[in-house]
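Please open the structure in the viewer and display the aromatic side chains.

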Amino acid sequence: MAESTEDTVRTDRIAIRLDAVSHRYGKVMALDAISLEIPVGQTVGFIGPDGVGKSSALALISGARKVQHGTVETLGGSMSDAKHRNAILPRIAYMPQGLGKNLYMDLTVRENLAFFGRLFGQGKHERDDRIARLVEATGLDPFTERPAGKLSGGMKQKLGLCCALIHDPDILILDEPTTGVDPLSRQQFWQLIDAIRQTQRDMTVLVATAYMDEAARFDRLIAMNDGKVLATGTADEILARTGTDTLEAAFIALLPEEERKGHHTLSIPPRTVHGETPAIVAEHLTKKFGDFTAVDDVSFRIEKGEIFGFLGSNGCGKTTTMKMLTGLLDASEGTAELFGKPVDGQDIALRNRVGYMSQAFSLYSELTVMQNLELHAHLFHLPKDQIKNRINELSKRFGLGPYHDDLSARLPLGVRQRLSLAVAIIHSPEILILDEPTSGVDPVARDGFWELLVELSRDQGVTIFISTHFMNEAERCDRISLMHAGKVLISDTPDAITKGRGSDTLEEAFISYLEEADGAGGAGDAGGADTQTAPEPATAVAPQDALGATKGNAAHWKPARASLFSFRRLWAYSLRETMELVRDPIRLMFALIGTAILMPVFGFGITFDVENLTYAVLDHDQTPESRTYIENLSSSRYFEQQAPLISNADLEARLLSGDVTLAIEIPPGFGRDVGRGANPEIGAFIDGSMPFRAETIHGYVEGIHQQYLSEKTKRDIGSSELNQTMQIETRYRYNQDFKSIYAMVPSVIALLLMFIPAVLMAVGVVREKELGSITNLYVTPVSRLEFLWGKQLPYVGLGLVNFILMSAMALFWFDVPIRGNGLTLLIGATLFVIATTGLGLLISSFTNTQIAALFGTAIATMVPSVMFSGMMQPVSTLEGVPVVLSNIIPTSHFMSISLGTFTKALGFAELYPELITLLVFFPALTILSILLLKKQEV
């Protein structure tokens with residue numbers, strides 16, 4: 001790329017300037033007082049391993065991350081100035097690290113592009129025109145209706161690039177765009193960048209990469225290590241300065257002396273052929289996940305002590321194959337053998353002969369180095385008297401001694417890698433399976449790691465099966481397999497594969513095999529996650545012509561500009577959220593069916609009606625008077641009589657077992673005492689395990705007792721003496737049947753409308769943070785208000801669907817009519833759902849995980865709603881803090897509206913104060929959410 005743009009680089013204008021910029025993550029110094037100037041129109045590569053500060057520098061330049069110390073100037077102004085930052089965001093494009101990190105996997109290629117077009121204010125005609133030209137230039141036009149999640153790694157990166165270029169940026173920032181992508185797709189990606197540079201010569205391109213071989217194509221390089229800039233200049237200048245032949249060697253030479261101390265060129269002695277049973281044999285190995293074939297008819301054999309490499313892009317099936325060989329996954333078809341025995345995940349003896357090191361490192365971040373080693377020693381049942389010696393041996397061998405008391409999460413990447421290897425071999429396995437163990441590690445640590453592998457293979461006869469992205473690592477293996485789209489293309493020595501294709505390098509040979517696998521002119525990675533995909537074109541379809549036409553015909557297009565508010569940007573998020581919700585059937589089902597399930601559970605299950613109480617009588621008297629007394633109980637609708645009690649012991653036993661909740665004991669002589677006007681005592685034994693029910697039973701018994709006494713007095717004295725000048729008659733307003741269901745059903749509607757929309761809203765926003773797509777908020781012109789309202793609208797609609805569903809259930813299932821004004825109820829429900837989803841937005845604005853959002857929302861909604869909304873007790877009876885809580889939660893206000901319209905026949909005139917209060921929640925919660933939601937990462 002340097003040659004193609006050398007004459008057009010504009011060094012007279014500065015696009016980016018960093019002055020004494022430092023950045024910390026807690027105690028970790030990510031950037032240490034770096035200063036840089038990058039002219040307009042250059043392609044600049046930030047090179048170095050993971051964790052040296054490349055991503056932090058790019059995030060600061062793009063505005064995604066907040067500047068802590070120093071000055072960052074982009075396009076003529078400080079990125080610490082919010083006004084300038086918002087003004088230039090339409091002129092910057094940022095592709096974050098990770099395959100498709102800025103994409104939405106449930107959306108199609110076209111829908112992703114349309115989403116970004118709306119974010120940059122493009123109308124339909126302009127948007128469609130730009131999309132058509134970009135997909136033509138990148139070769140994505142046959143796949144515009146395919147979901148992004150079903151694209152391969154290379155196609156995801158092309159789509160991410162198209163999304164970044166949808167608005168013709170002045171600065172294009174690419175954070176490790178080709179990591180995990182196969183060589184052919186990587187080649188196509190850079191051809192596309194070259195074509196873009198030909199049509200947009202003033203565009204500045206910043207690229208972070210860990211691949212030293214591709215760094216040579218950039219106009220200028222910035223080598224970084226430990227948060228500092230080691231060197232800047234062209235590739236030739238850096239090679240001349242260090243006196244080396246390759247950029248990897250140059251990078252090692254630039255490292256501080258203490259970091260490269262003891263480093264030497266790796267030498268791999270020839271392997272001793274053991275002539276024994278092969279360590280690993282795979283025959284026609286296939287793994288399917290539903291309709292998706294991850295591994296397709298793979299066969300190979302690996303000899304004892306051999307270093308066997310697996311080379312391929314992310315998603316090609318390497319990890320799945322390795323998991324089948326370790327017994328972590330069962331094969332759908334074919335067989336796998338270790339040491340001549342079929343792989344069986346339940347065979348502990350066989351598994352103890354295998355060590356496995358996963359991509360993410362099999363470590364416990366909260367444990368120290370020593371604790372990790374001790375834990376895995378115990379997990380593999382090492383004899384107690386051997387554990388200490390084995391740990392000391394590995395610590396000395398891998399240089400872990402100085403780090404014994406350090407938490408594994410805080411270790412440098414190279415040390416963490418060595419610890420992971422020590423953990424994997426602590427039980428002295430005969431086979432070691434390593435899944436991309438050196439990804440992101442600096443060259444010195446990578447060479448040191450390989451020295452350990454060579455020692456295990458050559459000196460101890462350990463068979464090593466390793467996957468990698470790095471071609472120079474693949475060349476160190478005894479044999480390799482090239483894998484693509486679930487298939488093994490070839491297995492042989494690296495030298496034989498290279499010579500067999502008549503190529504100069506292994507990478508060229510791999511590209512040749514990829515092209516052959518997909519047909520003449522086919523691409524390397526169209527298949528990806530979908531086994532029924534068509535081949536991707538080997539190169540973009542006349543990219544410079546298509547992009548040139550785009551630029552040439554864009555005179556009528558207005559450049560993207562910042563604005564305070566845009567309905568189009570709001571609609572972009574609202575439409576995207578709606579499509580994602582509709583395409584997630586499980587989440588949609590729980591949102592709707594969950595309501596249908598919880599409504600009857602709560603409606604019928606929560607009741608204050610105390611009826612059908614079981615009771616039994618221990619009648620010691622057995623007289624007409626005692627039987628008359630008992631008849632008063634049996635005739636009540638509140639009680640159900642059970643078999644008589646036969647003794648006091650029977651009374652105790654049946655109360656204890658729950659057979660009865662009330663036991664009546666009538667003493668001997670009850671009838672005699674009643675006849676002579678004495679005051680006999682009746683024993684009423686109540687199950688008090690549930691105080692509310694016990695208190696209600698006590699009231700029932702007292703009422704029936706008083707009724708008995710009143711009727712007896714009437715019989716004894718005569719009715720003429722009972723005439724009263726005044727009588728009290730009890731009448732119930734609104735709920736004449738005095739049944740809980742008429743109060744509970746409207747209350748449950750309020751309760752569920754508080755809980756379900758709020759939880760869905762909170763999880764919907766936090767999900768963006770977990771997936772990384774929240775970066776689109778940081779680096780595009782969309783405002784926090786547009787983002788929040790755009791996310792909220794679909795859930796408001798879903799909440800209203802829930803309300804209509806629950807209201808229909810109340811009317812036609814529970815037979816609870818709406819006696820008041822239905823329109824008032826609908827307005828109240830709309831305002832209430834806006835408030836509850838606003839509460840979900842508020843919680844999501846300061847939580848970072850879905851678990852935290854779920855628990856936080858559940859606690860903030862359910863507990864106050866049940867206790868302080870008037871559901872359990874009238875709000876008027878509350879005092880102190882509960883009164884304040886009742887007023888600041890929206891549930892209590894909608895509870896009044898729901899109960900008022902369902903049971904009291906109230907309308908707008910009586911309920912408008914509650915409606916106004918609910919309306920106030922909307923701006924209040926929105927303002928709080930805006931204040932708590934960050935437009936930049938800190």
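Which residues form one aromatic cluster with Tyr573 and Phe787? Select Tyr104, Phe115 and Phe116 together with Tyr573 and Phe787: these residues form one aromatic cluster.

The model is predicted: local features need pLDDT of at least 70, side-chain atom pairs count only at pLDDT 80 or more, and totals for chains, interfaces and linings use all residues. Residues are numbered from 1 along each chain as its sequence is written, and side-chain values use heavy atoms, with hydrogens and water left out.

A search of the whole structure finds 19 aromatic pairs (rings of Phe, Tyr and Trp, the last by its six-membered ring, with centres within 6.5 Å; planes under 30 degrees apart are stacked, over 60 edge-to-face, the rest tilted). Select Phe189 and Trp190, an edge-to-face pair with 5.3 Å centre to centre and 90° between the planes. Both Phe189 and Trp190 are buried (under 20% relative accessible area, with a 1.4 Å probe and protein chains only).

Next, return to Tyr573 and Phe787. Their ring centres lie 5.0 Å apart with the planes at 85°, so this pair is edge-to-face. Tyr573 belongs to helix α22 (residues 567-582) and Phe787 to helix α30 (residues 784-812), so the pair ties together parts 214 residues apart in sequence. Helices here are DSSP runs of H or I, at least four residues, numbered from the N terminus. Tyr573 is buried, at 0% relative accessible area, and Phe787 is buried at 0% relative accessibility.

Finally, select Arg353 and Phe339: the charged end of Arg353 sits over the ring of Phe339, 3.7 Å from its centre (CZ of Arg or NZ of Lys within 6 Å of the ring centre and within 35 degrees of the ring normal).

Methods
Buried means under 20% relative accessible area, exposed over 50%, partly exposed in between (1.4 Å probe, protein chains only). Helices (H or I, at least four residues) and strands (E, at least two) are DSSP runs, numbered from the N terminus.
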